[in-house]
Amino acid sequence: MLEKIEAISQEISQYTVLSKEQLEQFRLRFISRKGIVTELFEELKDVPPDQRRAVGQGLNGLKNLAQERFESFSQQIEALQESASSRPPLDLTLPTLPNLTGTQHPLSLVRQRIIQIFERIGFNVADGPEIESDWYNFGALNFPENHPARDMQDTFFVDKTAGSRTGSGDMLLRTHTSNVQIRLMEHQKPPIRSIMPGRVYRNETISARAHCMFHQVEGIYIDRNVGFKDLKDTLYHFVKEMFEPGTQIRFRPSYFPFTEPSAEIDISCQICGGTGCNICKHSGWVEIAGSGMVDPQVIANCGIDPEEFTGFAFGMGIERITQLKYVVNDLRLYTENDVRFLRQFEGV
Ligand code: PHE
């Protein structure tokens, strides 16, 4: 009998009650007139007289335990119900929370569009390192050491002591994505027809018109019999696809150490339509890219025979194209993460 009492008091101690229904079950099982405790009291008369006292005490303890637990469970349930009813009622007619989907950064939008245009005419996308050796950024591209052409691109040097292929010992942040052109030509047999989008770095003071980090897409096409006409056709096609119908394009002779002949590409100003404004400095034209026929020496530097293969290359700044497409007049807006700026590109 004492063991039975012990087992039941264990059961009561471990019991949990989470709802009114469970509370009622507890009451019926342990406390009601037909409950276990009453039943045990009835069995008391069959207990041998010498044990009756101990069993009686045990039973009284059990009865008290059941009563205490019942009261504390009741309080818990009551408290639960009170806190539920103090919550504001659910209003199913309220509008839902706004769906804060992010937007694409304008530079990503324009980069994707550029890639799409060139992929459709057979260019693939190539990638390369942003921390580069002097050779890939300058040497292989015909920038002789100490040549003033290197000043065209103010360079961030990374580690003056690290080794490089030329032995000049300079590692740097690439100033253009032309390094990828060299790496491609070194590792791939022509035909090569690739574009290389990526970040580039120049040591410039940050202002509305200059930044120390920006983005370029360069392109290269090397094969037998590639001529200047192919360069012109390709870039005409690009301008036609990228900008407003009727946009004019012109090639202006220029100089790059790695192309010969070289040309800069201007388009009629997208902002004023060619009548003259701040963006085009009242000339009606804006420069969008550099280009030219790859210098035979650069092709030879990469182990390709320049007698057999020729090619063209071009390079443009994604920020500049974006400025013209979306009239962004301060380069700093691209990196400041101002949501008022970024939200304007929602759904573009
Ligand atoms: N690499 C040049 C620059 O960054 C652009 C360019 C690429 C010019 C290819 C000609 C050919 O200014």
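How many aromatic pairs does the count come to?

1. The count comes to 19 aromatic pairs, where rings of Phe, Tyr and Trp (its six-membered ring) pair if their centres lie within 6.5 Å, with planes under 30 degrees apart counted as stacked, over 60 as edge-to-face and the rest as tilted. In the pair formed by phenylalanine 118 and phenylalanine 314, the ring centres are 5.1 Å apart and the planes stand at 20 degrees, so this pair is stacked. It links distant parts of the chain, since phenylalanine 118 belongs to helix 5 (residues 106–120) and phenylalanine 314 to strand 10 (residues 310–317), 196 residues apart; helices (H or I, at least four residues) and strands (E, at least two) are DSSP runs, numbered from the N terminus.

2. On provenance, this is a predicted model, in which local features need pLDDT of at least 70 and side-chain atom pairs count only at pLDDT 80 or more, while totals for chains, interfaces and linings use all residues. Residues are numbered from 1 along each chain as its sequence is written, and side-chain values use heavy atoms, with hydrogens and water left out.

3. Phenylalanine 118 is buried at a relative accessible area of 0%, and phenylalanine 314 is buried at 2%, where buried means under 20% relative accessible area, exposed over 50% and partly exposed in between (1.4 Å probe, protein chains only). Phenylalanine 138 and phenylalanine 143 form an edge-to-face pair, at 4.9 Å centre to centre and 70 degrees between the planes, and both of these residues are buried.

4. Ring pairs also join Phe118, Phe123, Tyr221, Phe238, Phe312 and Phe314 into a cluster. Arginine 193 lies over the face of tyrosine 221, at 5.0 Å from the ring centre, and the charged end of lysine 232 sits over the ring of phenylalanine 251, 5.7 Å from its centre; the rule asks for NZ of Lys or CZ of Arg within 6 Å of the ring centre and within 35 degrees of the ring normal.

5. Glutamine 181, placed in helix 7 (residues 178–187), is buried with a relative accessible area of 4%. Leaving aside residues up to four places away in sequence, glutamine 181 touches Met196, Glu218, Gly219, Ile220, Ala313 and Phe314, contact meaning heavy atoms within 4.5 Å.

6. Valine 298 lies in helix 9 (residues 296–301) and counts as buried at 1% relative accessibility. Its contacts, not counting residues up to four places away in sequence, are Ala140, Leu141, Asn142, Ile182, Met185 and Phe258. The C-alpha atoms of valine 298 and isoleucine 182 are separated by 8.1 Å, although these residues are 116 residues apart along the chain.
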